[in-house]
Amino acid sequence: MTILDEIVDYKKNLIKEGYYEEKLKTLNEVDITHKPTFKSQLDESNRLAVIAEIKSKSPTLDQLPSRDLVQQVKDYEANGANAVSILTDEHYFGGSYERLQNLTLQTNLPVLCKDFVVEKIQIDVAKKAGASIILLIVNVLTDEQIKDLYQYATSLNLEVLVEVHDKAELERAYQLNPQLIGVNNRDLKRFVTDVLHTNEILENKKDGYYYISESGIRDEQDVENVVNSGIDGLLIGESLMKCEDLSQFLPSLKLTKVTK
């Protein structure tokens with residue numbers, strides 16, 4: 001069993017235990033109608049967009065530096081991030097929906113609820129907590145499930161980042177005709193990361209979609225190594241959480257897009 005399988009089983013158990021129903025009762029509804037969409041920012045800029053992640057830990061990492069997360073989100077926005085990603089898994093990633101609810105109120109940027117979605121109720125909780133975008137991982141869903149969840153999320157006016165890990169999953173993603181496709185550079189079986197994975201997966205990509213390279217980007221050189229694949233943005237967590245001066249680092253990652 002891979003780490004991903006283990007996490008998905010954990011989510012299914014939470015659903016059975018009523019965890020998400022409880023969240024729907026206890027969370028306050030957050031109004032985010034004033035926020036721009038992530039897609040609108042991709043439309044308007046010739047530079048790579050950055051989804052800047054709030055992350056405390058992961059199965060592959062020891063604890064990250066302790067940060068004032070409100071200040072971190074404000075620093076992301078001040079230094080050119082286009083969206084914020086917030087991990088809401090408590091057990092494996094040290095996040096929570098309460099954290100998402102608190103932080104989405106601190107920024108005008110759209111917020112991605114980064115979680116492992118297998119049922120509609122998880123989308124309901126993300127929406128109530130103030131997410132603008134949700135993540136759907138092709139690897140953990142059947143074609144029927146992902147279509148159902150995608151249509152449900154978009155019916156709630158949520159944007160959807162559809163995540164793929166290889167070329168076969170990319171072909172499955174195209175069946176949805178999604179606006180946003182995330183290319184995860186992490187091998188889900190071994191949880192090893194290689195940024196150049198983006199180039200390989202997008203070798204024969206189709207036009208008309210926005211592509212986001214996710215995971216493993218440490219510096220400007222890493223971005224230069226994948227920008228020619230035709231990506232439109234980056235999702236970065238660990239490097240930003242470890243960075244002591246975002247004012248230099250974050251803007252340096254926003255290279256000019258390469259049309260391919």
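## Salt bridges and a helix pair

Lys 114 counts as buried, at 14% relative accessibility (buried means under 20% relative accessible area, exposed over 50%, partly exposed in between, with a 1.4 Å probe and protein chains only). Lys 114 sits in strand S3, residues 111-114. The model is predicted: local features need pLDDT of at least 70, side-chain atom pairs count only at pLDDT 80 or more, and totals for chains, interfaces and linings use all residues. Residues are numbered from 1 along each chain as its sequence is written, and side-chain values use heavy atoms, leaving out hydrogens and water.

The whole structure holds 13 salt bridges (a side-chain nitrogen of Lys or Arg within 4 Å of a carboxyl oxygen of Asp or Glu).

| Pair | N to O distance | Sequence separation |
|---|---|---|
| Lys 11 and Asp 89 | 2.6 Å | 78 residues |
| Glu 90 and Lys 23 | 3.7 Å | 67 residues |
| Lys 167 and Glu 203 | 2.6 Å | 36 residues |

Both Lys 11 and Asp 89 are buried. Lys 23 is buried too, at 11%. Lys 167 is partly exposed at 36%, and Glu 203 is partly exposed at 48%. Salt bridges that share partners join Lys 11, Asp 89 and Asp 115 into one network.

Helices H6 (residues 120-129) and H7 (residues 143-155) pack at about 25°, axes 10 Å apart. They are therefore roughly parallel (angles under 35 degrees count as roughly parallel, over 145 as roughly antiparallel, 65 to 115 as roughly perpendicular and the rest as oblique). Their crossing is right-handed.

Methods:
Axes are lines fitted to C-alpha atoms, for helices over the stretch in contact, and angles run from 0 to 180 degrees between N-to-C directions. Helices (H or I, at least four residues) and strands (E, at least two) are DSSP runs, numbered from the N terminus. A crossing is left-handed if the near helix is turned anticlockwise from the far one by less than a right angle, and right-handed if clockwise.
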